[in-house]
Amino acid sequence: MSPTDTRRPATDAKPAAVVPTGGNRIRPVAYWVTTVVILSELLAGAAWDLFTIDWMEDQLAHLGYPDYFAYILGVCHVAAAVTIAVPGFGLIKEWAYAGICFMWSGAAVSYLALGDGPVSWAPPLMFLAFALASWALRPGDRRARGHATADQPRANPREWAASIGLLVALSAVSLLTLPVTADITSDWAVERGWVDEQRP
């Protein structure tokens, strides 16, 4: 080969970055699966709190929290779900993840402090695990990055539309299934011995 020849031999290997790997596809799927689980729980919890179904009232009474705490939790659930779902806002997402981790770990500790069994404290720990997984798997554009710079990628309209569509769909499911879930959960407090008899 002459010094001026710019062709490369056929044996040159392609850079590793060009070859897609299965791991590159698994991580975003795992992120969205874990995120949809926590968004579903946050929005269902918001509906249960803001419409104060009997199950929520019984839980708060059992744990010794005031009734109005349900409304505080409901608003915080909605705020956290929106913050985590929409693109951008990396630093605020960190606060939202921290908040839901405190909430679910606090719920588990509250049940444990009263001597309740795994049927009470295991679900908050499960959602805590999903939240930690979602946080760890989140893509780079959903992470906090020091000071904002002009060269940071901005979310495109499709990402916003998909995020808002997901929130609307999950909220609709939560609200449409509220009467059914209220009926299903109405006797849980009786089964756990928190109240003497089922409400009329």
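Trainee: How many salt bridges does the structure hold?

Mentor: Keep in mind that this is a predicted model. Side chains of opposite charge can pair when their charged atoms come close. Here the structure's salt bridge count comes to 1.

Trainee: Which residue does R138 form that salt bridge with?

Mentor: Look at the closest N and O atoms of the pair, which sit 2.5 Å apart. That is inside the 4 Å cut-off for a salt bridge. The partner of R138 is E94.

Trainee: How many residues apart in sequence are the parts that this pair ties together?

Mentor: Place each residue: R138 is in the loop between α5 and α6, while E94 belongs to helix α4. The pair therefore ties together parts that lie apart in sequence by 44 residues.

Trainee: Is R138 buried or exposed?

Mentor: Its relative accessible area is 5%. Buried means under 20%, so R138 counts as buried.

Trainee: What share of the contacts with a separation of 6 or more comes from residues 24 or more positions apart?

Mentor: First, some background on the chain: of its 200 residues, 31% count as buried. As for contacts with a separation of 6 or more, the share from residues 24 or more positions apart is 74%.

Trainee: What does I38 touch, leaving out residues up to four places away in sequence?

Mentor: I38 is among the core residues that touch the most other members. Its contacts are I84, Y97, I100, W104, F127, F130, A131 and S134.

Trainee: There's a second, separate core too; how many residues does it have?

Mentor: Among its members are I53, M56, L178 and A189. The size of this second core is 10 residues.

Trainee: On to the largest pocket. Which element gives the most to its lining?

Mentor: The pocket has a volume of about 640 Å³. Its lining takes in 27 residues, with E41, M56, Q59, A107 and Y111 nearest the centre. Those residues divide into 18 nonpolar, 6 polar and 3 charged. The top contributor, with 6 residues, is α4.

Trainee: How far apart are the C-alpha atoms of S174 and E41?

Mentor: S174 is found in helix α6, and at 8% relative accessibility it counts as buried. Beyond its neighbours within four places in sequence, it is in contact with S40, L43, A44 and A47. S174 and E41 are 133 residues apart along the chain, yet their C-alpha atoms are separated by 9.0 Å.

Trainee: Last one: which residues does T83 touch, not counting those up to four places away in sequence?

Mentor: T83 has its place in helix α3. At 16% relative accessibility it counts as buried. The residues T83 touches are I92, K93 and A96.

Notes: Residues are numbered from 1 along each chain as its sequence is written. This is a predicted model: local features need pLDDT of at least 70, side-chain atom pairs count only at pLDDT 80 or more; totals for chains, interfaces and linings use all residues. Side-chain values use heavy atoms; hydrogens and water are left out. On a 1 Å grid over the protein atoms alone, a cavity is a set of points where a 1.4 Å probe fits but cannot get out, and a pocket is an open set with protein on both sides within 12 Å along at least five of seven lines; lining residues have an atom within 4 Å of a point. Grid points are joined across faces, edges and corners, and a volume is the space filled by probe spheres set on the points. Helices (H or I, at least four residues) and strands (E, at least two) are DSSP runs, numbered from the N terminus. Ala, Val, Leu, Ile, Met, Phe, Trp, Tyr, Cys and Pro count as nonpolar, Asp, Glu, Lys and Arg as charged, and the others, Gly among them, as polar. A nonpolar core is a set of buried Ala, Val, Leu, Ile, Met, Phe, Trp, Tyr and Cys residues joined through side-chain atoms within 4.5 Å. Buried means under 20% relative accessible area, exposed over 50%, partly exposed in between (1.4 Å probe, protein chains only). Contact means heavy atoms within 4.5 Å. A salt bridge is a side-chain nitrogen of Lys or Arg within 4 Å of a carboxyl oxygen of Asp or Glu.
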